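Have a look at the model first, then run through the notes below.

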Amino acid sequence: APGTMSGSGPEAPQPGEEGDARPQEAEQDWAAAKAFYDSLVTKRPRPPKPQNAITVAVSSRALFDLVEERRIYEEQGVEKYVEYQQENENVTLKPGPAFYFVKALEHVNARLLELYPEDEERFDIVLMTNNHAQVGVRLINSINHYGLTIERFCMTGGQSPIGYLTAYLTNLYLSADSEKVQEAIEAGTASATMFTANKDVAYSDTQLRVAFDGDAVIFSDESEQIVKEQGLDRFFEHEQLNENKPLAQGPLKGFLEDLGKIQKKFYAKNERLNCPIRTYLVTARSAASSGARVLKTLRSWGLEIDEALFLAGAPKGPILVKIRPHIFFDDQMFHVEGAQKLGTIAAHVPYGVAQKYHKSS
């Protein structure tokens, strides 16, 4: 179920008819591949093993601005779309909503490689798209133009790529297609639909900033259900009664956990004040009446959040303008839209009771 998503990847395969042969064969395959690549001279960082990496799968429409190309596809069909992409394969695509987030992930990787040259626990970006392989040249040219390190591609030729997310050991999937994101969430992968900001904003080049809503994003939607069904007073009463009972985890808890693991690598090298990751909790909860349970839940999980902002129902957009996150995750579209209007790149997490009240388009 989506509420049991983990940031550490799928559990190890259970022994079946083949016993433990499959994991052993996989290790042998990786050893052979590594030996081959080690014999080649290159300055490019090589992708880590998927089981060691924090894999972020990004669709082509999330990474790049493909609005015009999408219009051609919808109005003229797939053949004209492929033809257009091939004719323009030397025209660099403009950045899409996930572009600056990916750039920030790669900056974190560069810092990690400086401190831990042999360690493979870092971010691995996979381009996960239902584009046809004929479109691949333009995507590759654009990725190389911007100097992005994206070595793994999954191009499914019109078929849904969701089935490949588990095979790639995906920790987070970002797409511009809300239906695919919903499919991925239901399949147990942390996912969100990306929305471009309505204003141009300067993002930090030296620090990845990730902002999370609380209920139905980091935490389950159990408390949000009470708000929707029984009102705020009953919610406040419930939270105070259950202050010492940790909330169940939500779909993005695993990714917050992943970010925390990477932060601790910098802390271990006395780089806490110069850490290239900063996390934010931006919640509509009020601190006095329902904040303690949130903070105690994070403590019980062994997770730190750098900044916790309790807004007591106030709009999130103005606070996010101050933070300037590379990505902001929220389960409610009106918060996503409010953030968008003021220049924040927002990601909708289609999880929990709020989806019954506001269906994303």
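Strands β1 and β2 pair in the parallel sense over five bridges; two strands count as paired if DSSP finds at least two bridges between them. Helices (H or I, at least four residues) and strands (E, at least two) are DSSP runs, numbered from the N terminus. Keep in mind that this is a predicted model: local features need pLDDT of at least 70, side-chain atom pairs count only at pLDDT 80 or more, and totals for chains, interfaces and linings use all residues. Residues are numbered from 1 along each chain as its sequence is written, and side-chain values use heavy atoms, with hydrogens and water left out.

**Strand β1**

- On the β2 side, Val58 has Leu127 as its bridge partner.
- β1 also runs parallel to β4 (residues 170–175), with four bridges joining the two, and here Val56 stands opposite Leu172.
- Five of the five residues in β1 (residues 54–58) are buried, where buried means under 20% relative accessible area, exposed over 50%, and partly exposed in between (1.4 Å probe, protein chains only).
- Ile54, Val56 and Val58 point one way from the strand, while Thr55 and Ala57 point the other way.

**Helix α6**

- In α6 (residues 136–145), the buried residues are Gly136, Arg138, Leu139, Ser142 and Ile143.
- These residues sit on the same side of α6, because they cover an arc of only 165° around the axis (taken from the directions from the helix axis to the C-beta atoms).
- They pack against α2 (60–63), α3 (67–76), α4 (78–87), β2 (123–129) and β3 (152–155), with contact meaning heavy atoms within 4.5 Å.
- After α6 comes Gly147, with a positive phi near 70°.

**Aromatic rings**

- Rings of Phe, Tyr and Trp (its six-membered ring) pair if their centres lie within 6.5 Å; planes under 30 degrees apart count as stacked, over 60 as edge-to-face and the rest as tilted.
- The count by this rule is 10 aromatic pairs.
- Phe212 and Phe329 are stacked, because their centres are 5.5 Å apart and their planes are at 20°.
- That pair links distant parts of the chain, with Phe212 in β6 (residues 208–212) and Phe329 in β9 (residues 327–330), 117 residues apart; both are buried.
- Phe235 and Phe236 have ring centres 5.5 Å apart and planes at 50°, so this pair is tilted.
- Phe235 counts as buried at 4% relative accessibility, whereas Phe236, at 23%, counts as partly exposed.
- Ring pairs also link Phe64, Phe99, Tyr100, Tyr146 and Tyr203 into a cluster.
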